[in-house]
Amino acid sequence: MSLGETKADWEVAIVGGGVGGLTLALALHHFGLKATVYEARPRLSEAGAGLWISANAMQVFKRLDLSQDIVDAGFEINTIDLRDYKSGTLKKLDLLPLREKYGHCIIAVKRATLCSLLADALERRSGTAVKFGHSCRSITVRDKKISILFGSYQGCNAITGAEVYTDVDTISVDCLVGADGLRSAVRGHLFPDCQSVYAGQSSWRKIVHGALDADLKRTSVEIWGKGKRFGFSQIAENEVYWYATVDAPSAVQPKHRLLALEGGPPRIFQDFPPVVQYLINSPPLEPEVHTDIFDLRPLPQWYQGPIVLLGDAAHATTPNMGQGAAQAVEDAYVLAQSLAQSHRRGGTLEQAFAQYQATRKRKADTVVRKSNTFGRMAHLKSGIWREFRNAVIRMTPNDVDMREIDHLYKLNF
Ligand SMILES: Cc1cc2nc3c(=O)[nH]c(=O)nc-3n(C[C@H](O)[C@H](O)[C@H](O)COP(=O)(O)OP(=O)(O)OC[C@H]3O[C@@H](n4cnc5c(N)ncnc54)[C@H](O)[C@@H]3O)c2cc1C
């Protein structure tokens, strides 16, 4: 329920216009508070491959009256099919009972489409556009007021390689939300010792022209191999989203890294089933996205003074459970709700942040931990351990897996 237009005493700046930051701005508007989103990139990106938006996030989007737009822009997935690259299906889960319960299963959607849908809705509903080309460069807190300097990225210095920015704006606000992702500048200001941790895996993501066989049309497939895995699903009527991950040393071991990544997916996945080669070689719709995979060790606290973190900035997770964006969306709703409640009762920012953290941290930390374990389990190399793992997965009743998923999809707010 919208509380309508109330004059907010708190001026809120959101640094980062990704899924988390944009959803927060929409949720704040929903609860009658105002905020401005500052995004480093010069414009909304047109590429960024796909996202599977799971039912927990879709329930939040429903509360914000956005779920139908996302369903219309994406493609519903209602079955999970987990396979071993040699021995075939390990587990097939029908998610339709969860759709009965939660209204949605999983929606596969292009990341760029989702972000522009959220940015458009924000501008339409609140009259506030995202401020692009605003990279947070420095933060100063004095007498409860936060001063933020934004710069615009100009490129790299040809001699030193250092990033060059020109100053574009300095603002003064009461509340700053760091929704600026894995390498958050806001988190760097609050907790300079906190470093992201390389998960030992590198990933590729791509959207290609193509259609899967009818029996796979509404299915997300993930195939596990030795130290690597490959996943895919339909993302639109004639478009397929695929991702691939492989064990690879970090950049501090350049020779070994080069060896692990040499030839990219075509070489690395040549021992996978033919559908994988078909997808790797299908004509691309957008450029391939290649990124290393990181997560964060749980932070003891997500806020300090008038500054708070959200999404990957607070609890970046490996993508193995397909939950990073969904957790950011849950954060966004709870933070907006907590701020609105505290504001209405004449409370403080700190009370709102404490309530937000108490509601969200346990689940988000659990996702980070489980996702990391899941990624290592998926990439097992030893034949004996893989056989043992496969046997356990095959023997586990579907009811047990469905309870795990149900736990993930259930909202506690
Ligand atoms: C291979 C892969 C696959 C994934 N698949 C899924 C999936 O299927 N489902 C799912 O739920 N999650 C998935 N995730 C995770 C998901 O992408 C992230 O968890 C999610 O994007 C986090 O949202 P966010 O808004 O917190 O951060 P981001 O999406 O990273 O957004 C942060 C924004 O902040 C901006 N920014 C950064 N620094 C600054 C600065 N200094 N000043 C201003 N702006 C700044 C960035 O440009 C960016 O737009 C996947 C991740 C990977 C790597």
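1. Start with how H2 and H11 cross: the crossing is left-handed, a label used when the near helix is turned anticlockwise from the far one by less than a right angle, with clockwise giving right-handed. The axes of H2 (residues 55-63) and H11 (residues 324-344) come within 8 Å and cross at roughly 35 degrees. Axes here are lines fitted to C-alpha atoms, for helices over the stretch in contact, and angles run from 0 to 180 degrees between N-to-C directions. Helices (H or I, at least four residues) and strands (E, at least two) are DSSP runs, numbered from the N terminus.

2. Before going on, keep in mind that this is a predicted model: local features need pLDDT of at least 70, side-chain atom pairs count only at pLDDT 80 or more, and totals for chains, interfaces and linings use all residues. Residue numbers run from 1 along each chain as its sequence is written.

3. Who meets whom at that crossing? From H2 come Asn56, Ala57, Val60 and Arg63, and from H11 come Ala325, Ala326, Val329, Glu330 and Tyr333; two residues are in contact if their C-beta atoms, placed from the backbone, lie within 7 Å. The residues of this contact split into 6 nonpolar, 1 polar and 2 charged.

4. H2 is largely enclosed by the rest of the structure, because 7 of its 9 residues are buried. Buried means 20 or more other C-beta atoms within 10 Å of a residue's own, exposed means 12 or fewer, and partly exposed is in between, with C-beta atoms placed from the backbone. The buried ones are Ala55, Asn56, Ala57, Met58, Gln59, Val60 and Phe61, and they pack against E3, H3 (67-73), H4 (96-102), E7, H11 and H14 (398-409). After H2 comes Asp65, with a positive phi near 60 degrees.

5. H11 also turns up at the ligand. The shell holds 34 residues, the closest being Gly18, Gly20, Gly181, Gly311 and Gly324; a residue is near a molecule if its C-beta atom, placed from the backbone, lies within 6 Å of it. The largest share of the shell, 4 residues, is from H11. By type, the shell divides into 16 nonpolar, 13 polar and 5 charged.

6. Then the core. The largest nonpolar core has 104 residues, and those with the most contacts inside it are Ile14, Leu24, Leu28, Ile53, Val177, Leu310 and Ala336. Such a core is a set of buried Ala, Val, Leu, Ile, Met, Phe, Trp, Tyr and Cys residues joined through C-beta atoms within 7 Å. Leaving aside neighbours within four places in sequence, Ile53 touches Met58, Ile70, Ile106, Ile107, Val109, Ala325 and Ala326.

7. Two residues to look at side by side are Ala108 and Gln154. Ala108 lies in E7 (residues 106-110) and is buried, with 23 other C-beta atoms within 10 Å. Gln154 is in E9 (residues 145-156) and counts as exposed because it has 10 C-beta neighbours inside 10 Å. Leaving aside neighbours within four places in sequence, Gln154 is in contact with Val164, Tyr165 and Thr166. Gln154 and Val164 are 10 residues apart in sequence and 5.4 Å apart in space, C-alpha to C-alpha.

Technical notes. Ala, Val, Leu, Ile, Met, Phe, Trp, Tyr, Cys and Pro count as nonpolar, Asp, Glu, Lys and Arg as charged, and the others, Gly among them, as polar.
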